[in-house]
Amino acid sequence: MKTTSSSELPWTEVAWELPALEVEDAGDHARRSRRRERKASRRTRQEEDRAIVDEEEADQDTMRMFRRGWEQCFARSYGSFQDNTSYGPMRFTEGALPKHACCESVMQVFSVQVTELKDGLKWPLHVYGYIAIRDLLDHNRNLLFERKRDNCQILTQQDSCLLLTGPSRAVVIIDPVTFEVDLNVRGETESEDNVLCLKFFQHHTVTSYEKYAPIIRRCYSSKRSVLEFKFAVLEQAVEATVVSAKVFGGPWLDHYRGRVVCRTASASNEDIVLLDSRDGRMPVAYDGEIELSRGVVSVEACGQLNFCVTASQVGDKMDVVVAEAAATFTPKMKGKSRGTCDLGFYCKQSIRL
C-alpha cells in the first residue's frame, strides 16, 4: 500500500486537523494568560501592602525625627517632650496689665473630623490618644484632645468629629504653630489596636486684612484615615475663659440633649462647641453647674463673642429643638463679664467669662 506524507494529505484531512490544533493553542494561551494575571495581581497586592507598611513606617520615622529635633532644641529650657504647657488661662484677668502686654494673632480651632477610613477600618471607631498644638510661647503641648484607652470616644459615620477639650490657653501665632497627632483605634485586645493617625505638621500664617476671618481647612492622609482640621487665624485677639456656666430658674430635664456653642462675629458660621451631650445626659451638678468640655476661646479685641444654648429632644432621624437662647459679650482687655441665656418657660443659664 502506498504511504502518503502529511504534506500530501487531501485537503479534507488537513481541514479536519487544523481546528483541533487551533483549539489546543487557544486553551494554552488562555491558561498562560490567567497565570500571568494571577502573578500580576499578587505583585500588585504585595506592592500595595508594602506601600501601606512603608507609609506607616515613614510616619513613625518622621515623628521620631520631630521628637529628636525638639529635644535637641528645647529640652534644656522647656523640659520633657511630653510636658504640657506651663502657661494657663486668665493670667491678666486681675491686676494691672504688664507694660509689654499687647494683642497678638491667635489660632481658633473649630473642629477635627475623621472624613475617610482606609485599610479595612469600619465604623464605629473607638478612638483614643491625643492631639496637641505647640506654639513659640513655651514649645510644650497645648492639648486639644486627650483620651485614654479605657475612655474612648465612639465615632460613627454620621458623627465623626472629635469632642475637643482644649486648648487650655490661647494658641499664639508666632510662626510656626505645630500640630502633633497620635490617635489610635481600640481593638478587642491591646495587641489588636491600630494607629488611626500619627502625624505632625506646621502652619505658617499669612496676615489677612479681610473683615471676616478666612476658615482654613487642612486634610491629612495616613495609612488608615483622612483627618480634616478646621481653624482660623484671628488678628489682634484676646483670650476668653468660661469660668462658670450654670442652670437656674428650673431643672434641666434628663431626656433633653444640651448643646453650648459660641461664635465670633468674624467667623459667625462656625461653631466653637463647648459642650454637646449628644445622646447622653446633660452634665449638670446638683447646684446647677454645667461641666463644659471646653472653656477657652479667642475673639478679636474689637469683635463680639456670641453664646448659644440649645435644648433638644433626641429623635430617631433628627433632633427637635425645644428651646434656644443666646447671649452676646463684648471683649475686654481685662476683668470679668456675665450674661444670661433665657430659655423661656424652661430654665435659664448664666455664663461668666
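Contact here means heavy atoms within 4.5 Å, and the model under discussion is a predicted one.

1. Surroundings of R294. With its neighbours within four places in sequence left aside, R294 is in contact with Q108, V109, F110, L164, T165, G166, P167, I272, V273 and L274. The residue itself is placed in the loop that runs between strand 12 (272-276) and strand 13 (296-300).

2. Charge of R294. Although R294 is buried, it has no salt bridge, and the nearest side chain of opposite charge, that of E270, is 10 Å away. A polar atom of the R294 side chain does, however, lie 2.6 Å from the backbone oxygen of V109, and V109 is also listed among the contacts of R294.

3. M90 in its loop. M90 belongs to the loop between helix 1 and strand 1, where it is partly exposed because its relative accessible area is 43%, a value that falls between the limits of 20% for buried and 50% for exposed. Apart from neighbours within four places in sequence, M90 is in contact with E239, T241 and V243. Its C-alpha is 8.8 Å from that of K334, although M90 and K334 are 244 residues apart in sequence.

4. F92 and the nonpolar patch. F92 likewise lies in the loop between helix 1 (11-78) and strand 1 (104-117). Together with L97 and M333, F92 makes a nonpolar surface patch of about 260 Å². The relative accessible area of F92 is 34%, so this residue is partly exposed, and a patch residue needs over 30%.

Key
Residues numbered from 1 in each chain as written. Predicted model: local features only at pLDDT ≥ 70, side-chain atom pairs only at ≥ 80, totals over all residues. Heavy atoms only, no water. Patch = residues over 30% accessible without salt bridge, like charges linked within 9 Å, V, L, I, M, F, W, Y side chains within 5 Å. Areas by Shrake-Rupley, 256 points an atom, 1.4 Å probe, with all protein chains shown as cover. Salt bridge = Lys/Arg side-chain N within 4 Å of Asp/Glu carboxyl O. Helix = DSSP H or I, 4+ residues; strand = E, 2+ residues; numbered from the N terminus. Buried < 20%, exposed > 50% of the residue type's maximum accessible area, 1.4 Å probe, protein only. Lys, Arg positive; Asp, Glu negative; His and termini not counted. Polar contact = N/O pair within 3.5 Å; in protein donor to acceptor, adjacent residues only side chain to side chain.
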